[in-house]
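Dear colleague,

Here is the structure I said I would pass on. My notes on it follow below.

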Amino acid sequence: MSHRPVPPATDPDFTPPGLGRRFGALVIDWVLCLLVSNFFADPVTDGWAPVLVLVVEYAFFLGLFAQTPGMYVTRIRCLSWADGGRIGIGRGLLRGLLLALVVPALIMDDKRRGVHDRLAGSVIAPAPPRPAAR
């Protein structure tokens with residue numbers, strides 16, 4: 001008998017992680033974006049560079065792994081609202097672009113889904129516990 005997780009949209013017990021973990025993940029990802037953008041631009045004078053890296057990071061990591069490096073550290077993940085699976089690169093890109101606008105992220109519903117999450121069909125959820133090291 002296999003246990004399939006209940007999609008967040010139909011899970012009456014779904015509880016989103018706190019805003020502190022989300023903000024922590026974003027800070028970690030932003031610092032990484034500043035470091036990476038140093039390879040091709042000056043992030044201080046070229047403000048677009050770290051934003052571009054953030055959008056690409058979200059498309060790649062959320063699309064393929066459901067977590068950015070910052071989300072991994074803070075133990076959260078980004079899932080499809082409808083089925084609980086990965087959102088894919090296209091929706092990860094859309095979510096990153098909308099997040100870069102900042103305002104959509106500040107307008108949240110009762111499940112802490114910002115406009116960027118609702119338009120991308122995604123939700124931030126707690127990550128499952130990591131396996132214990134041997």
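**Cysteines, a helix pair and confidence**

Cys78 is buried, at a relative accessible area of 0% (buried is under 20%, exposed over 50% and partly exposed in between, with a 1.4 Å probe and protein chains only). Cys33 is buried as well, with a relative accessible area of 1%. Cys78 is in no disulfide, and the nearest cysteine sulfur, that of Cys33, is 15 Å away. A disulfide is a pair of cysteine sulfur atoms within 2.5 Å, and the count by this rule is 0.

This is a predicted model, in which local features need pLDDT of at least 70 and side-chain atom pairs count only at pLDDT 80 or more, while totals for chains, interfaces and linings use all residues. Residues are numbered from 1 along each chain as its sequence is written, and side-chain values use heavy atoms, with hydrogens and water left out.

Mean pLDDT (the predictor's confidence in each residue, from 0 to 100) is 91 for the protein, and 96% of its residues reach 70 or more. Confidence is lowest in helix H5 (residues 103-106), with a mean of 77, and highest in helix H3 (residues 69-74), at 97. Helices are DSSP runs of H or I, at least four residues, numbered from the N terminus.

Helix H2 (residues 48-65) and helix H4 (residues 88-100) have axes that come within 7 Å and cross at roughly 145°; axes are lines fitted to C-alpha atoms over the stretch in contact, and angles run from 0 to 180 degrees between N-to-C directions.

Regards

How values were computed:
Helices (H or I, at least four residues) and strands (E, at least two) are DSSP runs, numbered from the N terminus.
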